[in-house]
Amino acid sequence: MSVKNIEEQLQDTNLTLPEDWKNFEVQCQYIETDSRAFARRAFSYLNGKGKKPQSKYHLLRNAVNIVRMDKDTSDEEEVSMERKVAIAENNECFPLEENSQLLKYPGTFTNIATFNSMTDEEVEIATKWQNQYFHYEPIHVGTFFLFRDLVREFEGSKMILSDKLLEELAGLLQTLFQGMKQYAESCKEAYGRWHKKHYTSDKVKWSDDAYVAGLLHLYKKFGGKESIPSTLLGYVEDFIEFFDSDLLEGAENNPEEFLKYEEVVRKPNPMVKLNPLQRSSNKVVSIEDRMNGLIKTKAWKNTMKNWKEQNFEFDMSRMPKVSMVKLGDIEIDCDIQRDLDEKHCSKIADPKRFDPALMQVLQCIKTEDGKFISTDGQHTATVIAGIFYSLSQKTKLEVK
Amino acid sequence: MYHLYIVENSKGRVGFGIAKDYVERNQFYCGHAGDILKFPVVYGGLRSHAKALEKTIKNELYDDIWTIEKENKDWKTEWLVKGKNRKFLESYINDLIEKRHIKLKIIIRDYDFTQE
């Protein structure tokens with residue numbers, strides 16, 4: 001963003017670039033109080049305590065909707081996220097929110113952090129395999145760990161991850177565990193027993209590497225012949241001896257039978273039509289609609305019952321006020337707010353993302369002597385001050 | 001051998017569960033209910049398959065599981081909602097066993113621990 005642009009924008013809105021950043025006024029929401037305890041508590045609430053955090057799924061959904069619905073492809077990260085979701089959807093796999101009612105359907109998954117950590121190729125191989133062999137089940141996160149490790153180690157070792165190996169691994173999971181979900185549980189049990197035998201500590205430190213290691217060691221035990229990078233087999237071999245004995249007995253007679261995958265008749269996946277990322281709801285509701293939904297719930301009725309029982313009242317005088325306050329008049333109590341994160345400030349001001357329209361209202365308390373003490377928003381305020389300082393005619397040479 | 005069973009209470013509500021020792025499990029049910037409760041079907045086979053099948057039932061029959069709401073929390077039971085009878089559950093489980101190649105077989109029907 002150039003100096004000229006900012007000046008032009010300010011002129012358009014009948015504002016002028018302040019000679020001194022201290023005179024620039026920002027919106028402040030404040031409570032008149034001298035109570036530092038209130039300010040401290042307010043900081044905790046505004047920064048997470050008691051707030052419903054934005055989930056990884058919600059962030060993913062927004063990125064996908066920006067690309068799909070708004071056709072905005074200006075952000076590389078959003079484009080990359082949408083591309084990965086499209087790869088998964090093409091293989092009938094669908095990300096969902098943790099508590100979604102749709103999680104009963106095949107191909108659904110909730111571990112967005114692990115999904116985001118995978119490359120396009122890893123997502124393609126993992127979801128294609130899921131759709132080919134376990135098209136009747138939701139995806140367990142172990143599948144993502146398994147394929148992330150498999151693809152990386154095979155590529156690193158310049159070896160080919162063959163279709164035969166992929167089918168035999170599916171066969172092994174099907175015949176021994178009925179799929180990844182039970183394998184993951186059995187694997188953790190076996191790992192726990194192994195740990196107890198070798199270490200005195202009862203606290204088992206689970207490692208996600210064990211998913212791939214356990215399965216590949218079982219593969220070899222059941223007579224699997226496909227080549228596997230030695231790096232994947234270096235993980236504690238004897239922990240597989242701690243799987244259920246009725247499973248391991250199978251390796252003694254006709255072990256190869258356990259590598260054969262048996263087809264399961266495919267049914268249409270309802271998620272293809274229900275996928276929330278493929279269709280916008282086009283729904284706008286009023287506060288009244290929302291309220292009508294809320295007041296019917298048992299949880300809400302219980303809370304309101306508590307209000308009545310405790311004679312709790314809505315104190316109108318506690319409502320915050322809003323006014324324009326000069327940046328130079330705002331103080332920061334270092335015992336309440338965190339240290340300034342300069343790198344975070346520089347990221348906020350990154351011209352790729354910076355937009356004054358996204359500025360949040362500063363939260364303050366106003367003390368009896370008229371001081372505004374910030375309880376939230378010091379990074380925003382400092383960034384704005386920094387921008388005006390660095391761009392003003394008076395100081396820009398100094399900055400250069 | 002591990003087991004997956006269907007249980008039916010005196011009011012006709014059906015449930016399910018897994019156990020290594022189904023005889024002992026039936027005794028527990030009877031002891032708590034103060035009545036003889038039947039296991040209409042007991043399946044036997046690999047522990048991992050019994051556990052996997054139980055997980056599948058809980059997932060796929062999510063809407064048919066009897067849920068009790070208490071203090072703003074949902075408590076999912078291992079019983080089905082009224083109207084879903086033993087025939088429905090047995091037919092659903094048998095279908096899964098056949099189509100998904102699950103290594104479980106019916107080992108006894110209409111069992112209670114008073115039987116020899």
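Modeller: Let's start where helix 9 (residues 180-198) of chain A meets helix 10 (residues 209-221) of chain A: their axes come within 10 Å and cross at roughly 90 degrees. An axis here is a line fitted to C-alpha atoms, for helices over the stretch in contact, and angles run from 0 to 180 degrees between N-to-C directions. Helices (H or I, at least four residues) and strands (E, at least two) are DSSP runs, numbered from the N terminus. Keep in mind that this is a predicted model, where local features need pLDDT of at least 70 and side-chain atom pairs count only at pLDDT 80 or more, while totals for chains, interfaces and linings use all residues. Residues are numbered from 1 along each chain as its sequence is written, and chains are lettered from A and ligands numbered from 1 in the order in which they are written.

Back to our pair. Helix 9 and helix 10 of chain A are therefore roughly perpendicular to each other; angles under 35 degrees count as roughly parallel, over 145 as roughly antiparallel, 65 to 115 as roughly perpendicular and the rest as oblique. On the helix 9 side of chain A, the contact is made by Tyr183(A), Ala184(A), Cys187(A), Ala190(A) and Tyr191(A). Helix 10 of chain A brings Ala210(A), Tyr211(A), Gly214(A) and Leu215(A). Two residues are in contact if their C-beta atoms, placed from the backbone, lie within 7 Å. Sorted by class, this contact of helix 9 with helix 10 of chain A has eight nonpolar residues, one polar and no charged. In this sorting, Ala, Val, Leu, Ile, Met, Phe, Trp, Tyr, Cys and Pro count as nonpolar, Asp, Glu, Lys and Arg as charged, and the others, Gly among them, as polar.

Now look at another pair. Helix 6 (residues 120-133) and helix 7 (residues 141-156) of chain A have axes 9 Å apart and pack at an angle of about 125 degrees. These two helices of chain A are therefore oblique to each other. Helix 6 of chain A passes helix 7 of chain A in a right-handed crossing; a crossing is left-handed if the near helix is turned anticlockwise from the far one by less than a right angle, and right-handed if clockwise. Among the residues making the contact are Ile125(A) and Trp129(A) of helix 6 of chain A, and Phe144(A) and Phe147(A) of helix 7 of chain A. The classes in this contact of helix 6 with helix 7 of chain A are six nonpolar, two polar and three charged residues.

Let's visit some loops. Met69(A) sits in the loop between helix 3 (56-68) and helix 4 (76-90) of chain A. Met69(A) is exposed, with 12 other C-beta atoms within 10 Å. A residue is buried if 20 or more other C-beta atoms lie within 10 Å of its own, exposed if 12 or fewer, and partly exposed in between, with C-beta atoms placed from the backbone. The C-alpha atoms of Met69(A) and Leu277(A) are separated by 9.8 Å, although these residues are 208 residues apart along the chain.

Lys71(A) also lies in the loop between helix 3 and helix 4 of chain A, and counts as exposed with 7 C-beta neighbours inside 10 Å. Phi of Lys71(A) is near 55 degrees, a positive value in a residue other than glycine. Most residues other than glycine have a negative phi. Asn311(A), which is not a glycine, has a positive phi of about 50 degrees. The place of Asn311(A) is in the loop between helix 15 (298-309) and strand 4 (321-326) of chain A.

Now zoom out. Chain A has 18 helices and seven strands, and 30% of its 400 residues count as buried. Its radius of gyration is 29 Å, whereas a compact globule of 400 residues would have one near 21 Å. That radius is taken over C-alpha atoms, and the globule rule is 2.2 Å times the number of residues to the power 0.38.

Chain B has three helices and six strands, in the order β-β-α-β-α-β-β-α-β along the sequence. The radius of gyration of chain B is 14 Å, close to the 13 Å that the globule rule gives for 116 residues, so chain B is as compact as a globular protein of that length.

Finally, the chains meet: 16 residues of chain B are in contact with 21 residues of chain A. Helix 2 (residues 47-60) of chain B gives the largest share of the chain B side, eight residues. By class, that side of chain B has four nonpolar, five polar and seven charged residues.
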